[in-house]
Amino acid sequence: MQFDYKQSIEVAQEEAINYILDKNKYDLIRKRLNYDLTVLGIACTKTNFNESEGVKVEYVDPSTLVYSFTEDPYFDDLYYIGEVKSISLAELVKQFPDLSPEDIKDLQKYRGSAQNTRSLGAKYDNQTVQVLYFDYKTYTNQVFKIKKKENGFEKALEKQDTFIEAEETENFKKAYRSIEVLYSGAKVLGTNKILKWGMATNMTRPEADITKVNMNYSIVAPRMYKGRIESLVSRITAFADMIQVTHLKLQQVMSRIIPDGVYMDIDGLSEVDLGNGTNYNPAEALNMYFQTGSIVGRSMTQDGTGNPGRVPIQELNTNNGMGKIQGLIQTYQYYLQMIRDVTGLNEARDGSNPDKYALVGLQKLAAANSNVATRHILQSSLYITLRTCENISMRIADAIAFPTTYQALIQSVSLYNSKTLEELQSSNLLDFGIFLNLEPDEADKQLLEQNIQVALQGGQIYLEDAIELREVKNLKLANRMLKKKREEKMAKEQAMQQQNMQAQSQAQAQAAEQTSLAETQKQQVLTEQKIQLEQAKSQFEIQKLQQEAQVKQQLMEQQFNYDMQLEEAKLKARTDSDSAKEDRKDKRVSMQGQEQRQTQQEKIAPESAMPTPQPSQGLNLGQLME
């Protein structure tokens, strides 16, 4: 739920805190806090509320602070704290609208003592007053009336501190405990006028502990021991003073240095003849030397001897004070190096002397080493920012309680978030299990980026997950989210593998089914082909038999025809023979027995000579089939 859905109260808190910080220009306040931590070693902010401007975050000058003695660098054991502020009457009316015009006039008459105004650096006029704002931590009794019901359960009813049990009975008992409370006040210095005094409303209690309470001031002094505060600047003050002394000495030496002069040989000038009738006197020689840099001289005198002054003008190099200057510069560099050694701010950090041959990694390492020396400033700045945001979170309930500030809150963070913030009027932010965390620094972000890169290279997360992780400002939540994304990707890949296996098994089953179906279809086709072949064979046999029957029928018909023709021929022959016999009967009668025998022989002879028709002489069935 933390990854995909943020609670509405958390979103509303983020919007409200960012709005109040931007409204009070906390970026500029934080710069002043960092400056105080570096120079003074202590920084402080105050969170308060007024009906005119709502929740305000103010910078507190450490020089105007008053607080009880403590050895805690985070000032958690203070029991009183206050600050003196020089404010205008208009600002005073904003903070305390209950002031009457008569009260303002009385305050305007008394402008504070001159000693107070001079010590605080305030402007001494009738429109400014010196006000001491303070918080005082004490304790009170939280009283409960314990009522026992008929069913045996007990109910606790909170009562006032003045509640006194009338008499001890079985149904009513009194219970109490001591808790810390905070009283806030404001007093005009030099007068008896108390502008404000009473128990603070909506007190900040750390970690939802209702027995503890936090001050409205957020203070931190990271380098404090036995109440003594040490700053980064205080460690270099002695060396900075010596650098200033060295600089003054260097100015003194430079002021006493005289320029280089020239040496002029007068005798050498007297032996020089320019050839134009003019004299080569010292003035003209110096003028020519300084204007042109040229010198006219003679190597021989007029007598023909060597001229020792053949170079009449020579420059004198006095070198006056250069040794002292070099010594002072070395001293200056020594104290500067001491400052770097004491503070840990090396050349790689300030960029004054980067080595062009040094690797980038070495330069980053040197800068990181210097970060160790100033890390306490960064951590203190983050701590005071966190405490300020916690106080802002508690002050939001005050802004909701008044219509004007509530309307401004609605216009800034929307009506929905403002309605959600109404829950904080009766509950603490920490009651919802929500804790304030600041954004991680660059080193922590670098570690997260390394984890993201390792996960990306190992294929454990997607690129979209890496982009989403880089947008998470909470480092712990980002690491948990990275773990969650890895688990989600592994589960997704396992699901995909299972789906692939199922798809492969389904594909294999479908392939086997298709193969079986194809084989079945193939067998069906083969069977059908065999059936068709058998049917074709049977039809062919039938056709063959039919054709054979037809052929046989035709043969029988032809044989019948042939037989009929043969019978007809036989019948005709017999008829002809009978007719011939009848015709010749008369002849035989007339002829004698010889002729009768001859006639009989002639009758027998044609019958034996006539061929008898045979079926084998026609076409057989095989020949017809062919």
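Helix 6 (residues 232-256) packs against helix 9 (residues 322-343) in this predicted model. Their axes lie 9 Å apart, at an angle of about 170 degrees. Angles over 145 degrees count as roughly antiparallel, so helix 6 runs roughly antiparallel to helix 9.

Which residues make this contact? On the helix 6 side they include Leu-232, Ile-236, Phe-239, Ile-243, Leu-250 and Val-253. Arg-235, Thr-246 and Lys-249 also take part from helix 6. Helix 9 answers with residues including Ile-325, Leu-328, Tyr-332, Tyr-335, Leu-336, Ile-339 and Val-342. By class, the contact has 17 nonpolar, three polar and three charged residues.

Next, the nonpolar cores. The largest nonpolar core holds 31 residues. Within this core, Leu-92, Val-131, Tyr-133, Leu-195 and Ile-219 touch the most other members. Several elements each supply at least two residues: strand 4 (80-88), helix 3 (89-95), helix 4 (101-109), strand 5 (128-148), strand 7 (172-188) and strand 9 (217-220). Which of them gives the most to this core? Strand 7 does, with five residues.

Ile-219 deserves a separate look. Leaving aside neighbours within four places in sequence, Ile-219 is in contact with Ile-42, Ala-43, Cys-44 and Leu-65, among others. Its contacts also include Pro-73, Tyr-74, Phe-75, Leu-78 and Ile-81. Tyr-383 is another of its contacts. A second, separate core of 30 residues includes this Tyr-383, along with Ala-12, Ala-16 and Tyr-26.

Now to helix 11 (residues 360-401), where Ile-396 is placed. Is Ile-396 buried or exposed? The cut-off for buried is under 20% relative accessible area. Ile-396 has 1% relative accessibility, so it counts as buried. Ile-396 and Ile-17 are 379 residues apart in sequence, but their C-alpha atoms are 8.6 Å apart in space.

Definitions and conventions: Residues numbered from 1 in each chain as written. Predicted model: local features only at pLDDT ≥ 70, side-chain atom pairs only at ≥ 80, totals over all residues. Heavy atoms only, no water. Axes fitted to C-alpha atoms, helices over the stretch in contact; angles between N-to-C directions. Helix = DSSP H or I, 4+ residues; strand = E, 2+ residues; numbered from the N terminus. Parallel < 35°, antiparallel > 145°, perpendicular 65-115°, else oblique. Contact = heavy atoms within 4.5 Å. Nonpolar A, V, L, I, M, F, W, Y, C, P; charged D, E, K, R; others polar. Core = buried A, V, L, I, M, F, W, Y, C linked by side-chain atoms within 4.5 Å. Buried < 20%, exposed > 50% of the residue type's maximum accessible area, 1.4 Å probe, protein only.
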